[in-house]
Amino acid sequence: MICVCATCGSIRENKHLTAEYSRIADMFELRYDKLTLDEPLPNPCDFTDKPVIFTIRLPQDGGGRVIHKDVFIRKYREAISLGYAYVDIHVPMDEDDDIGSDELDRLAEYARGENVAVVRSIHFMDSMPRNLEMVFDKIAEKTGDILKIAVLPKGCDDTRRLFAFADAHSSVKKVVVGMGDYGFPTRILSRRMGSLWTYSTPAGASLAAPGQITPELLESVYRFKSIQKTDTVYCVIGNPIMHSKSPHIHNAALRKQSLSAVYIPVTVDKLDDFFRLAGYLDIRGVSVTVPFKEEVVRHCSSVSQEVDTIGSCNTMVSSHDGWKGYNTDIDGFLVSFRKFLNKKDLSGTRIVVIGAGGSAKGIAYGLRREGAQLLIVNRTLKKAKDLAAELECEALPLTADSFSGFEQYPDAFVQTTNCGMRGYEDLDPLEGYEFHKHQKLYDIVYNPPVTKIMKRAVDAGCKVSNGEEMLLEQARLQYRYFTDRCFPSS
Ligand code: ATR
């Protein structure tokens, strides 16, 4: 179930929110601490026709504002007497809790007497406790209907432990949430964890907890409501990775072909820990992106010839004898680049490759395999020279002195560096170089869709492309490795 958090500053705005999201939401949570002023509670029937959880979060648990103890107690009692479907009452972790353990227990008791379902919750906003079982024992002492544990995993190992913890209590009515980027898989695979619902906050409302996404994304990208416990899981790993468009592409294809599978982003700190998590969740296919494309190779039991040659892998498929590694960046780039140049055959084309990092390696290797002649220019000349020596092509430093050398390579520029990408928007790798009409620039960056160098090239009348098509093409090939099916045509 999707629980949409009503976290606007007034009851009136929250009513609008419930009306707007009643199609997607299975239930709502009214977060009283997010109201800017103390207001009378609405009758739940006037608020929405969906079940509502009434919650007041204390500031130390991520609450919006300090609420006096008397108001806290009064509002919970008001919600219970108005017949809210659930109340979420926290379990204090220390003696200094503002409300007091006995008082909270009495509230829960009152709610049960009035047939209001009780969620007893516990929050660790900054970390994940080593001993989750001890936390569970503390919370399970309470005779509440539903147990909720929200923690902040600090890496893949914490995420795996959280899944294992949920599995160990499969018969308990519960909601287990990993907050933040590392916890994101728990939000999407909540049914796999045995959680009763997942929380989501609409754009524009105050984020109820770190790591939540909007109801629209849950529905449109992850088809959340149809994810089954037994669905095959694929993922993209990187750090950072939450901005990735790969879940949009792969989930759309999985949905189109009605496959029982879901594709999620997994933020990775240590690869060893990720592969333990992947084993635990039985992840069947992994897309790999920055900064792990080279490091993952040692985790493969076998690799394709391209991966072997360039040492960079962006696709891993689980098999009975370990992970198989492939590189679809190369062919993904070539398919899209041929379209860009409008040439089926790249042999004899003369191209400037900007950069000599992991992405450049794959692209330069692919272009050389197709018979193109290359000039590799890079900030660190040694890296350009090493790559050029390997691929038998030319190398120059990324300085103004090299600009005249570009004339010998007139067919296109391929930009592979970080310059211009989100976080580096102000960088232009060819600053000072004047493009002229009839030149072509292919920038593999796709976010933002127009980089600084692309803008300059467009202004000079050049034909340009960003890397969106390459992203799509490499994903198509990857999809085939993952599912043994062709990527759907539209
Ligand atoms: P990726 O796998 O995405 O290619 P990478 O292997 O770290 O990442 O390579 C990054 C590329 O961007 C390199 O060519 C790097 O140049 P250096 O080899 O000199 O490091 C290039 N790059 C990064 N920041 C740059 C900048 N500010 N100006 C020019 N080139 C830059």
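On a 1 Å grid over the protein atoms alone, a cavity is a set of points where a 1.4 Å probe fits but cannot get out, and its lining residues are those with an atom within 4 Å of a point. The structure examined here is a predicted model, in which local features need pLDDT of at least 70 and side-chain atom pairs count only at pLDDT 80 or more, while totals for chains, interfaces and linings use all residues. Residues are numbered from 1 along each chain as its sequence is written, and side-chain values use heavy atoms, with hydrogens and water left out.

The secondary structure comprises 17 helices and 20 strands, taken as DSSP runs numbered from the N terminus (helices H or I, at least four residues; strands E, at least two). Of the 490 residues, 56% are buried, that is, under 20% relative accessible area with a 1.4 Å probe and protein chains only.

Volume here is the space filled by probe spheres set on the grid points, which are joined across faces, edges and corners. The largest cavity holds about 130 Å³ of space. Its lining consists of 17 residues, with His123, Lys148, Ala208, Ala209 and Gln212 nearest the centre. Strand S2 (27–31) and strand S6 (146–151) are the elements that give two or more residues to this lining. By class, eight of the lining residues are nonpolar, three polar and six charged; Ala, Val, Leu, Ile, Met, Phe, Trp, Tyr, Cys and Pro count as nonpolar, Asp, Glu, Lys and Arg as charged, and the others, Gly among them, as polar.

The second largest cavity has a volume of about 40 Å³. Among the residues that line this cavity are Phe136, Phe165 and His169, together with Lys148. Strands S6 and S7 (174–178) each supply at least two residues of its lining, which divides into six nonpolar, one polar and two charged residues.

Elsewhere in the chain, helix H10 (residues 246–256) contains Asn251. Asn251 counts as buried because its relative accessibility is 2%. Beyond its neighbours within four places in sequence, Asn251 is in contact with Val221, Tyr222, Val262 and Tyr263, where contact means heavy atoms within 4.5 Å. A polar atom of the Asn251 side chain lies 3.3 Å from the backbone oxygen of Val221.

Methods: On a 1 Å grid over the protein atoms alone, a cavity is a set of points where a 1.4 Å probe fits but cannot get out, and a pocket is an open set with protein on both sides within 12 Å along at least five of seven lines; lining residues have an atom within 4 Å of a point. Buried means under 20% relative accessible area, exposed over 50%, partly exposed in between (1.4 Å probe, protein chains only). A polar contact is a pair of N or O atoms within 3.5 Å; within protein, one must be able to donate a hydrogen and the other to accept it, and residues adjacent in sequence count only if both atoms are side-chain atoms.
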